[in-house]
Amino acid sequence: SESLLTGWERGTADMNYLKSLITLAAAGAMTSLPFVAWGQDDPVDAQTESKVLIVHDWSNSMWGAFADGERKYVAGVSALTAALDGGFGGRDVGYRAYGHSRPGDCRDSELVSEFAPLDQVRPEIIETLDRVRPTGKTPITYSLQEGLKDFDGAPGDILLISDGIETCDADPCDLMREWTASNVDIRVH
């Protein structure tokens with residue numbers, strides 16, 4: 001994933017590639033097939049027991065453009081909208097935005113929509129996608145930590161939509177190693 005993030009950072013990835021990655025991650029997060037969550041030996045029924053949290057990067061770097069001139073945030077919104085249209089296998093969905101309201105704030109992360117069936121949260125998510133524009137820092141690690149709290153002990157998946165550049169003196173890869181060592185029952189896509 002480091003080479004992918006470096007490609008995004010350099011602006012060499014195209015919009016269709018980003019959309020494909022988000023769509024694939026969403027497909028993994030919305031599958032109705034049983035999966036083994038981190039730290040568990042028994043399969044979790046994704047459709048009845050686990051949730052999906054979308055963690056969406058609205059930081060200033062998302063103003064960046066691909067070679068075709070398309071803005072990163074526009075590609076992310078388009079791919080997320082397509083994922084929402086596909087549903088999430090009957091799983092409850094939540095939406096957390098970061099870097100969307102306060103420039104320079106490494107704690108600018110907000111649970112915009114609490115977990116609920118997609119038909120209930122979709123209008124609020126779409127309204128946020130229409131209203132918000134890239135603004136601030138990129139607190140990926142902090143947002144993932146807050147996202148874990150959002151699950152309140154339930155298993156599930158986080159769909160992270162980002163150009164992948166942490167700007168708040170933390171390393172999300174270190175956090176993932178901590179979660180693995182602690183048997184956290186959340187997968188990050």
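Reply: Buried is used here for a relative accessible area under 20%, exposed for one over 50%, and partly exposed for values in between, with a 1.4 Å probe and protein chains only. By that criterion, 47% of the 189 residues of the protein chain count as buried. The model is predicted, so local features need a pLDDT of at least 70 and side-chain atom pairs count only at pLDDT 80 or more, while totals for chains, interfaces and linings use all residues. Residues are numbered from 1 along each chain as its sequence is written, and side-chain values use heavy atoms, with hydrogens and water left out.

Helices (H or I, at least four residues) and strands (E, at least two) are DSSP runs numbered from the N terminus. The protein chain has 6 helices and 5 strands, in the order α-α-β-α-β-β-α-α-β-α-β from the N terminus on. With contact taken as heavy atoms within 4.5 Å, 77% of the contacts in the protein chain with a separation of 6 or more come from residues 24 or more positions apart.

The part in question is helix 5, which spans residues 140–151. Ser143 belongs to this helix and is buried, its relative accessible area being 0%. Leaving aside residues up to four places away in sequence, Ser143 touches Val55, Arg96, Tyr98 and Ser109. With Ser109, the side chain of Ser143 forms a polar contact of 3.0 Å. A polar contact is a pair of N or O atoms within 3.5 Å; within protein, one must be able to donate a hydrogen and the other to accept it, and residues adjacent in sequence count only if both atoms are side-chain atoms.

Asp150 lies in helix 5 as well and counts as buried at 17% relative accessibility. Its side chain is joined to that of Arg96 by a polar contact of 2.8 Å. Apart from residues up to four places away in sequence, Asp150 touches Leu53, Arg96, Leu111 and Phe115.

Asp152 is placed in the loop between helix 5 and strand 4 (156–161). Asp152 is exposed, with a relative accessible area of 70%, and has a positive phi of about 50° although it is not a glycine. A positive phi, of about 60°, also occurs at Asn183, again not a glycine. Asn183 sits in the loop between helix 6 (172–181) and strand 5 and is partly exposed at 47% relative accessibility. In strand 5 (residues 186–188) lies Ile186, which is buried with a relative accessible area of 1%. The C-alpha atoms of Ile186 and Gly147 are separated by 9.8 Å, the two residues being 39 apart along the chain.

Elsewhere in the chain, the axes of helix 3 (residues 72–86) and helix 4 (residues 118–131) come within 11 Å and cross at roughly 165°. Axes are lines fitted to C-alpha atoms, for helices over the stretch in contact, and angles run from 0 to 180 degrees between N-to-C directions. Helix 3 and helix 4 make their contact through Val77, Leu80, Thr81, Leu84 and Asp85 of helix 3 and Leu118, Arg122, Ile125, Ile126 and Leu129 of helix 4.
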